[in-house]
Amino acid sequence: MADTFSLQRVLETFRSSLSEKKEVYIKYYIAGWQELVAFMNSLGNVFSFISKDVVSKIQILENFLSGENRSHYVTIQSMVKYELENDLVDLTKRGSHPESGCRTLLRLHRALRWLELFLERLRTSTEDSKTSVMCSEAYNESLAQHHPWLIRKAVGVAFCALPGRDTFFDVMNAGDHTQVVALLGESLPLIAEVYQITEDLYAKNNLLELP
Ligand code: 1Q0
């Protein structure tokens, strides 16, 4: 991972995460998140409580990827099958498997929806659009529904510290505004596809509300 963020690299990792059979490789899925964490860290300390949580979830998944059962953690599909068949998931309340791969990835999956909604707003925004408004609208339509009041408040405070739209465009390192908008147009269908495949898999297995 290079130290400067680039939207192009995020796009490439999410593209690599899709197999020919439309399965999702966990390795690249979390690599995409690592890029996003690097970006968040560059925004300042107000965001560190958010990035710490993402980092700890990435770490849990990385441990599975390098652990003795790693052959079952190649794709999200194989992970779900393996963990369910072996009773490794707390399905209704937290118990002996509070950090299953399935529940951990679900948190990132919900956040991916936020990202999709936010980037779509950014793509279609105009000069006077506010990033804080775009972020919080996207948040209220997605992640907020899964967060308690205290976290929603803290997130609201963090949004106020967001840089403006021009800074966002610059930080993406993808050229001028027109080029960024084009690249966003290319990235979004991919992110949406990865999201939808995961969503369908989780829905089919009744995993969307894992504690
Ligand atoms: C750029 C601004 C970042 C805005 C982030 C918006 C979402 C904020 C949500 C933060 C909540 C974090 C506090 C911890 C919450 C956990 O309780 C919760 C549940 O986990 P658990 O184990 O308690 O059940 N965790 C989560 O819901 C995971 C939250 C992950 C948030 C991920 C935010 C990802 C942001 C990425 C950078 C955005 C880059 C945007 C532009 C980049 C261009 C490609």
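How far apart do the end C-alpha atoms of residues 26-173 lie, and how much of the span is helix and how much strand? The model is predicted. In this model those end atoms are 25 Å apart. The span is 66% helix and 0% strand. An unreviewed UniProt entry annotates residues 26-173 as "domain: Glycolipid transfer protein".

Start with helix α1, residues 7-16. Its buried residues are Leu7, Val10, Leu11, Thr13 and Phe14. Seen down the axis of α1, these residues fall within an arc of 165 degrees, so they line one face of the helix. An α-helix has 3.6 residues a turn, so residues three or four places apart point the same way. What does the buried set of α1 pack against? The partners are α2 (26-41), α5 (101-123) and α9 (177-204).

Is Ser6 buried or exposed? Its relative accessibility is 12%, so Ser6 counts as buried, the cut-off for that being under 20%. A polar atom of the Ser6 side chain lies 3.1 Å from the backbone nitrogen of Arg9.

Now turn to the ligand. How many residues surround the ligand, and which are the closest? There are 26 of them, and the closest are Asp53, Lys57, Arg103, Arg107 and His147. Three of these names come with a polar distance. For Asp53, an N or O atom of the side chain is 2.8 Å from a nitrogen atom of the ligand. For Lys57, a polar side-chain atom is 2.9 Å from a ligand oxygen. For Arg103, a polar side-chain atom is 2.8 Å from an oxygen atom of the ligand. How much of the ligand does the protein bury? Taken alone, the ligand exposes 960 Å², and the protein buries 91% of that.

Move on to Ser132, which sits in helix α6, residues 131-141. Its relative accessible area is 23%, so Ser132 is partly exposed; that class runs between the 20% and 50% limits. Which residues does Ser132 contact, leaving aside its neighbours within four places in sequence? They are Phe159 and Leu162. Ser132 and Val55 are 77 residues apart along the chain, and their C-alpha atoms are separated by 23 Å.

Last, look at the backbone. Most residues other than glycine have a negative phi. Lys22 has a positive one, near 65 degrees, and is not a glycine. Where is Lys22 found? Its place is the loop between α1 and α2. With a relative accessible area of 42%, Lys22 is partly exposed. Asn206 also has a positive phi, about 55 degrees, although Asn206 is not a glycine. Asn206 lies in the segment after α9. Is Asn206 buried or exposed? Asn206 counts as exposed, at 70% relative accessibility.

Conventions: Residues are numbered from 1 along each chain as its sequence is written. This is a predicted model: local features need pLDDT of at least 70, side-chain atom pairs count only at pLDDT 80 or more; totals for chains, interfaces and linings use all residues. Side-chain values use heavy atoms; hydrogens and water are left out. Buried means under 20% relative accessible area, exposed over 50%, partly exposed in between (1.4 Å probe, protein chains only). Helices (H or I, at least four residues) and strands (E, at least two) are DSSP runs, numbered from the N terminus. The arc is that of the directions from the helix axis to the C-beta atoms. Contact means heavy atoms within 4.5 Å. A residue is near a molecule or strand if one of its heavy atoms lies within 4 Å of it. A polar contact is a pair of N or O atoms within 3.5 Å; within protein, one must be able to donate a hydrogen and the other to accept it, and residues adjacent in sequence count only if both atoms are side-chain atoms. Accessible areas come from the Shrake-Rupley method with a 1.4 Å probe; for residues, only the protein chains shown count as cover. UniProt positions are given in the numbering used here, feature names are shortened, and annotations may be inferred rather than shown by experiment.
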